[in-house]
Amino acid sequence: MEFNIETEKTPAGVAVIEVAGELDLYTAPRLKEALLSTLEDGILRIVVDMSGVHFIDSSALGVLIGGVKRLKPKEGKLVLVSVDENVNWIFQITGLNSVFDIFQTREEALAGVTA
Amino acid sequence: MHKDHKKVLSLVVPAKPEYLSLVRLVVAAAAKNEGFSDNSIADIKVALSEACTNVVRHAYLAANDDVKKVIQVKIDLDKTGFQIEVLDYGHGMALPPPPSEGLGFGIMGSLMDKVDVETSDDGTTVQMIKKVVALRNC
């Protein structure tokens, strides 16, 4: 499956990183690159929209955890949109569902990241 | 679900990140062919990916150029379940795994019914078994 990642900025100053495809050791560096680029732009509210992600492993989990760690000292926030049952299962078994706010829709995530 | 006779499948790919999706695709197709549920196949794919990721990241860091830097995946299918072996020919690994690999091994252990690791100076084998009845489907 083709991997795609795009970043857009909302008028409220939130970065939305939309990811589609499989997130593994091969593709996770592109997510890291997008996150770092967003942070370099000084954006501290980030939504990673993984509505189009149907596979994730620890490579990408590590990148997401890294994003949260970088944002925390700056009082920033990173939230996720994830709807895939198997992806959400991985967050559940790793306990990372308690680390990340995970929303079902982008609209909910945008409201959650600015709350 | 499973046939009585044993089937064996072996796949060798370069130990590079771009080959992981291919390995998952082949193994998922084999599991699908054996009648495993979509949830079980998803579990197998992630566990497999974690084992292969460890090979790519760590197995050949200190290897000479004359060492074949590959991932070998063997699948044994029989009536007891779906057994996957992920082998490398690197320098072995520390047991228990260091924290940098801990999350991956934790995921493997959560998703599969059994995970064993054998390691030596000649390489590492991670053996994982998914039984016919998966935890999530009980």
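Predicted model: local features only at pLDDT ≥ 70, side-chain atom pairs only at ≥ 80, totals over all residues.
1. The C-alpha trace of chain A spans about 30 × 25 × 25 Å along its principal axes. A compact globule of 115 residues would have a radius of gyration near 13 Å, and chain A, with 13 Å, agrees with that expectation. Of the 115 residues in chain A, 38% count as buried, and among the contacts between residues at least 6 apart in sequence, 69% join residues at least 24 apart.

2. Chain B contains 3 helices and 5 strands, and its order along the sequence reads β-α-α-β-β-α-β-β. Buried residues make up 40% of the 138 residues in chain B. When the contacts in chain B with a separation of 6 or more are considered, residues 24 or more positions apart account for 70% of them.

3. Where the two chains meet, 17 residues of chain B are in contact with 13 residues of chain A. On the chain B side, α1 (20–33), α2 (38–59) and α3 (99–111) each supply at least two of the residues that touch chain A, and α2(B) gives the most, with 8 residues. Sorted by class, this side of chain B has 7 nonpolar, 7 polar and 3 charged residues.

4. The buried residues of α1(B) are B:Leu20, B:Ser21, B:Val23, B:Arg24, B:Val27 and B:Ala31. Seen down the axis of α1(B), these buried residues fall within an arc of 150°, so they line one face of the helix. On the other side of α1(B), B:Leu22, B:Ala29 and B:Asn33 are exposed. The packing of the buried residues involves both chains, with β2 (15–23) of chain A as a partner together with β1 (7–14), α2, β2 and β3 (81–88) of chain B. After α1(B) comes B:Gly35, which has a positive phi, near 90°.

5. Helix α1 of chain A (residues 28–40) can be examined in the same terms, since its 13 residues should span 18 Å at 1.5 Å a residue and its end C-alpha atoms are 18 Å apart, in agreement. Within α1(A), the buried residues are A:Ala28, A:Leu31, A:Ala34, A:Leu35 and A:Thr38. They cover an arc of only 120° around the axis, which puts them on the same side of α1(A). Their packing partners are β1 (4–9), β2, β3 (45–56) and α2 (58–71) of chain A. The helix is followed by A:Gly42, whose phi is positive, near 80°.

6. Strand β4(B) and strand β5 of chain B (residues 123–131) pair in the antiparallel sense over 7 bridges, and a hairpin joins β4(B) to β5(B) through 2 residues. Within this pairing, B:Thr119 stands opposite B:Thr124 in β5(B).

7. B:Val117 lies in strand β4 of chain B, which covers residues 114–120. Leaving aside residues up to four places away in sequence, B:Val117 touches B:Leu95, B:Thr124 and B:Val126. The C-alpha atoms of B:Val117 and B:Asn54, which are 63 residues apart along the chain, are separated by 12 Å.

8. B:Tyr60 lies in the loop between α2 and β2 (70–78) of chain B, and B:Tyr60 is buried because 20 other C-beta atoms lie within 10 Å. Not counting residues up to four places away in sequence, B:Tyr60 touches B:Ala15, B:Val67, B:Lys69 and B:Gly90. B:Gly90 is 30 residues from B:Tyr60 along the chain, and the C-alpha atoms of these two residues are separated by 4.9 Å.

Note on methods:
Residues numbered from 1 in each chain as written. Chains lettered and ligands numbered in written order. Contact = placed C-beta atoms within 7 Å. Helix = DSSP H or I, 4+ residues; strand = E, 2+ residues; numbered from the N terminus. Nonpolar A, V, L, I, M, F, W, Y, C, P; charged D, E, K, R; others polar. Buried ≥ 20, exposed ≤ 12 C-beta atoms within 10 Å, placed from the backbone. Rg over C-alpha atoms; globule rule 2.2 N^0.38 Å. Pairing = 2+ DSSP bridges. Arc of directions from axis to C-beta. Expected span 1.5 Å × (residues − 1).
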